[in-house]
Amino acid sequence: MSFIEVSHSYKRYKMGETEIVANWDVSFSIEKGELAIILGSSGAGKSTMLNILGGMDTNDEGSVSVDGKDISNYTPRQLTAYRRSDVGFVFQFYNLVQNLTAKENVELATEIVKNALDPEQVLIDVGLEKRINNFPAQLSGGEQQRVAIARAVAKNPKILLCDEPTGALDYRTGKQVLQILQDMSREKGATVIIVTHNAAIAPIADRVIHMHDATVKAIEQNASPKKIADIEW
Amino acid sequence: MKKRALAKDICKSFSKSMGRFLSILCLIALGSFALVGLQVAGPDMRATGRTYFEKLNVADIAILGDYGIDKENCATIDRVSGARSIEYGYLKDAVVEGSLESFRIFSRADELSQYEVVSGRLPKGDDEIALASFFEGEYALGDTITFAEKADMSGNKVLRHEAFKVVGFVNSGEIICKTNLGQSTAGTGELKGYAVVTPEAFDSEFFMIARIAFADTEGMDPYSDEYAEKIQAHKDELNRLLVDAPGERLQAIRAQYQEQIDEGQAELDEAKQQYEDAKQALADANDALEAGRAEIAAAKREVAAKSRELKEAEAAIAASEPELSVAQQELTQKQQEYDAAYTEFSEKKQQLAKVEAVVNVTEKGLQVSRNALERRKTAYETEIAALQAEIDSIEAQLSDPGTSLSERAELTRQLARKEAQKKLKESEQQTFLNHTYQTGMAAVEEGQRLLDEQVKEQLEPAQQELAAAKAQLSAAKKQLDDGKAQLSAAEKQLADAKAQVEDGRTQLAVACRQIARAETTLSGKDAEYQAALTEFEEKRPEVEAQIAEAEGELADARAELAALTQPAYAMDTRRELPGSEGYRIYASVAEIVDELAKVFPIFLYFVAALVTLTTMTRFVDEERINSGTLKGLGYENRDITKKFTAYGLASSLLGAAVGVAAGHTLLPMIVYHAYGDAFTLPRVEFHFYWQNTLVATALALISAVLPAYIVAAKNLREKPAALLQPKPPANGSKILLEHITPIWNHMTFTQKVTARNIFRYKKRMFMTIFGVCGSVTLLFAGLSMQHSISGVKDRQFGDILKYDMIVAKDGYLTDAEKEELDGLLSSGEVEKSLPIYYEAVTKAAGKKMDKQEIKMIAADGEEGFSQYIGLVNRKSGEAISLSGDGAVLSERLAELLDVQVGDRFTVMDAENQEREMTVAGITEMYTGHFLFLDAEYYAEVFDRPYAANAYVLTLEDGSNENAETVANTFMACSGVKGIVQNTTMKKQIDTIVESLNQIMDVLILVSSMLAIVILYNLTNINVSERIRELSTIKVLGFYDKEVTMYIYRETIFLTILGVLTGFLTGNLFYRYMLRVVPPEEVMFNPALGAKAFIAPVLVVGVITVVLGKIINGKLKRVDMLEALKSVE
């Protein structure tokens, strides 16, 4: 059994009278330590899938198993515990707490987990050794995103989920961020899942899950993923 | 152009934010409610009182005389100027028979101080009565109520009847309190009710009360200063008018009293006489009975003797009868003997008679011869004697010298012739004698001798024999006669004896009957006597007791007469009248509300307004994008602003309307509810106060509409594009605390985060602190007030006044009264007692210069005193002991008089004398004014020796009920003048405490609601402003509780800060209220209670926790993804 196993997952939203299907019979699996990319255009249901994987949302049908545990039947509290200990999340818009310094933003995450990494070390790892005590407003977008990644990573999660991590970043900064994520997978053995609409970055992944119209269209495995530096967009 | 869409948007903004709309409404409503309500409650109360007093035409001043008001007094009082009406009436305190309930029975007034009939009617007949309305449950119309009136010192009762028929229930205009009617001279010493009867039901020569209403005060607000001034002027005038009245009245009373005593003495004397008479009559009767009894006994003895005698006589008679027959036989024999002797005698007699006859004849012859001889001899001698006589006569003439010579010669011739004649005769005589006479005589002698011989030989022996026979016969005769006589005597004796026996029998029978009769009579008399004696003996102790009692009473009366003092005339305003405690308490309650209104609601409104302002500002900010859109679409600023002004107007005006309406009605009602139960006044009147309404409305608009308009206008000056961007959150920055490294480094991460956030949102921090602080201030002050007044009772009546009552004794006590009182004092009910001097003195002081009643207690000996009254300096806690240096004052009195230790002050004693003394100490005391002196200092100040006139007591069982029972026992004792119980003061405190408590409850409730609204609002704003941040940490895996705490920690911290500052400001506020709120005779305990600290913490804590739960629930439901989607 794979580390992450999604099988026949459905997710529907009710918007007034109409029902919107976000996920339709989604099934895939990801192995531990893989860097997986869920690729799809806007509205393909990839973010929904990510939210479900991240324990921020629940599916209506089907099973979602992470490290042997089916999180699809989790209570809200179990989900919170799951998010807390097993998941690191990186948002497109960083979502840093403006009133806290970079370090404090990281600490915000490490405070609540047991085997957390040293916040300062993590920040150094993402190249922010000089920005440790700066407030988000004093940081560039990339730096902010790196703080966000550091915050996600510092928790030492089983899976790292990133929603369009480069979406708000320029090309160079985007690459930097991707490098960090890839390193997390390669060097730290973290399972990283990136959601993006940008097909250009797909080659860096071990596994690419193509989503379209709320369901998985194809899953391709990449035996030799490209280096970040080798990709262009 | 109709902007329907805009209108729709505005409407939507209302419905979308119902919570906010309601909270603004609530804030304004609470503020307006407190503001208007507290400000109108006092005026409403006074208006109610004024209407009521005017309706019943309550007198302005009442004059009460200790010994009543007589005609002279009336005439004096009638001279007062400016009186609209003067009316005199009666009153008397009496207890309901068989109970402890003391009533003051008034005579019905026609004009002044009338009664409001609640049910039934006023009394018409002199045996009808109308009771105080609050006795309506206890008695029903038609019931009979019976009073036990205590006679006055001269034994008079002023009520004609004891039983009255209840015909109605009334409210008085003078006594308006149900629970605190003041002191009474009957029962437990505490007045429980009042009643009205007709003036005819009183039997009194003088009035007890004069009521006066003045023209210049008619229709005037009795609570105004102007009224007080006018009344004071009238009072002064009355005082001047009545200055001589006490002395005159005392004289009149004395005279009247003396007359009564004399009458009493006469009655007593008469009674005594009657008693003595009765006693004497009985003694006489007894003597008579004894005599009768003795007589009967004597008679009986006599009868017995007689009876015995009779028997003896009968025996004697029986014995003497045979003797008699023997005597008769003897007598017959003697008769025979006598007859024989008689025969013999008769023979002898005849023999003698024959002899005698012979002798006699012889003798006769002899005698004749002798006689003839003798006659011749005598004739011779006679002739010679005649011749001699003639010779003597002639010789006598011759010897006479006067005889002439011729004559002499003649005479000498005659003489010689005569002498010759004589010589012849003498010779013839001689011849006769010698012859004839001698022979005749010898023959006679011979015959005589022969006869004598014959007699001797014959007659004499016969005579002797006869004499012997005669003697014999007479002896026999005598014997016979003797025998006869003896016999007849014996017979007679016997007959007599028999007759006597007969008589004796008859007499005996009569005597027996008489005795029987006498005995019957005697036993009748005896029974009568016994009955009379029994009756007498039965009545005797009673009569003797009555007499002794009467004597005692008279002695007492005399002593009392001697002890009578000048009566005082009390001039009492409506606030000072006995039983007017209610009037003052009512005014106090109104004033308390007024004083509260000066600070409480203003503070409250300020807090509410600030929170409203913040809320409205946030509302404008939230609508920023919406506004931008509208502006972008080309709406004018005016249109956009309309939303906010409409929102503000609607919420604030609605809130103000609710608040003003509730303030005008609910708060006066609550205040009324607080005091209403204790008063007979009608339900509080609602008046509309447009000034207050206007102020409340204006304030509402200022706090809700104006800020919204200003903020909106400011926002709208920005470009629509800028407006479409959400307002950038404030950037993080280092806070001051960070620079204080030692502290900052020691803080945990969460603490740091909280600290950062707190300083990041300074405005909200301030608002939270301020809001909580405001609520806590009000809560703290309110609770402290409650604590302060609640503790007062325990402190004063537990620690300071340890005694249960003061028993005042009469000025003069008889031995019996003394004994009775001592008996009561040493009874099991009384734990201990101490003699003291007690007097109620007065002093005009305070804002209205009211007559403050001061209880003055002087005692001898400090050690004992402190067991009854623990004088103590409140601040230092040091005990104060009485000394000769001066008097110890109660704290509130010292405050009113504005005196410190060492200062001098004066009071007016019971006889209206000013007495000056020095303050030696100021003691803790909360209700009532007190003045304590030691005996020495008393003597010095009052210039008279110290003499105890009362006792302070502690009871074994000090409960109110038992104290009442004991008080009644004491009141029943004739030597007791009155009882001063603490229950009255306790009740007064209770009324004020109760009223204040309820008002405080309302304010505490309002404050709590304010705290809720404020915290809810601020927390809501906080959440909505920071929803993204919250979503982020939620995503990070913070548990719901942690998420809530992430934001709520700040609230808690700020709340704690708010609570702490609230304690400070609350204490200040409390100090202010302590100064202005308490009535003049009451001091509140300034000490702080734990409750004032704990309760606000609990209230705010509970609100915080509950709000936390609500927020927690809300945050649980927050869609974290939604918030995170948008751009920053």
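In chain B, 86% of the contacts with a separation of 6 or more are between residues 24 or more positions apart. The model is predicted, and its chain B holds 25 helices and 20 strands. Of the 1128 residues of this chain, 37% count as buried.

Strand β4(B), residues 102–107, pairs with β9(B) in the parallel sense over 6 bridges. Within this pairing, F103(B) has G193(B) as its bridge partner. Strand β6(B), residues 128–132, also pairs with β9(B), but here the sense is antiparallel and there are 2 bridges. In this pairing, A130(B) stands opposite V196(B). In general, strands of a sheet pair through backbone hydrogen bonds, in either the parallel or the antiparallel sense.

The loop between β4 and β5 of chain B, the latter spanning residues 115–120, contains S113(B). This serine has 23 C-beta neighbours inside 10 Å, and it therefore counts as buried, the cut-off being 20 or more. Leaving aside residues up to four places away in sequence, S113(B) touches L56(B), N57(B), V58(B) and A59(B), along with G173(B), E174(B) and R211(B). For I175(B), which lies 62 residues from S113(B) along the chain, the C-alpha separation from S113(B) is 10.0 Å.

Helices α2(B), residues 18–55, and α9(B), residues 637–676, have axes that come within 6 Å of each other and cross at roughly 35 degrees. The crossing is right-handed. The residues of this helix contact divide into 24 nonpolar, 9 polar and 1 charged.

Turning to chain A, 6 strands form an open sheet with mixed pairing, in the order β6-β7-β8-β3-β9-β10. At its edges are β6(A), residues 87–90, and β10(A), residues 215–221, each of which pairs on one side only. From one strand to the next, the twist averages 15 degrees. Strand β9(A), residues 207–212, runs antiparallel to β10(A) and is joined to it by 6 bridges. Here M211(A) stands opposite V216(A) of β10(A). Helix α1(A), residues 46–53, packs on this sheet and touches β3 (35–40), β7 (159–163), β8 (191–196) and β9 of chain A. The direction of α1(A) makes about 150 degrees with that of β8(A).

Another open sheet of chain A has 4 strands in the order β2-β1-β4-β5, and its pairing is antiparallel. Strands β2(A), residues 18–30, and β5(A), residues 69–70, stand at the edges with a single partner strand each, so one side of each is left without a neighbour in the sheet. Strand β4(A), residues 61–66, is joined to β5(A) by 2 bridges, and the two run antiparallel.

Buried residues of α6(A) include G174(A), K175(A), Q176(A), V177(A) and L178(A). Also buried in this helix are I180(A), L181(A), Q182(A), M184(A) and S185(A). The buried residues of α6(A) pack against β3, α5 (141–154), β7 and β8 of chain A. After α6(A) comes G189(A), with a positive phi near 75 degrees.

Finally, the contact between the chains takes 23 residues from chain A and 24 residues from chain B. On the side of chain A that touches chain B, the elements giving two or more residues are α2(A), residues 76–86, and α3(A), residues 102–110. The largest share of that side, 4 residues, comes from α3(A). By class, the side of chain A that touches chain B has 12 nonpolar, 5 polar and 6 charged residues.

How values were computed: Residues numbered from 1 in each chain as written. Chains lettered and ligands numbered in written order. Predicted model: local features only at pLDDT ≥ 70, side-chain atom pairs only at ≥ 80, totals over all residues. Contact = placed C-beta atoms within 7 Å. Nonpolar A, V, L, I, M, F, W, Y, C, P; charged D, E, K, R; others polar. Pairing = 2+ DSSP bridges. Axes fitted to C-alpha atoms, helices over the stretch in contact; angles between N-to-C directions. Buried ≥ 20, exposed ≤ 12 C-beta atoms within 10 Å, placed from the backbone. Left-handed = near helix turned anticlockwise from the far one by under 90°.
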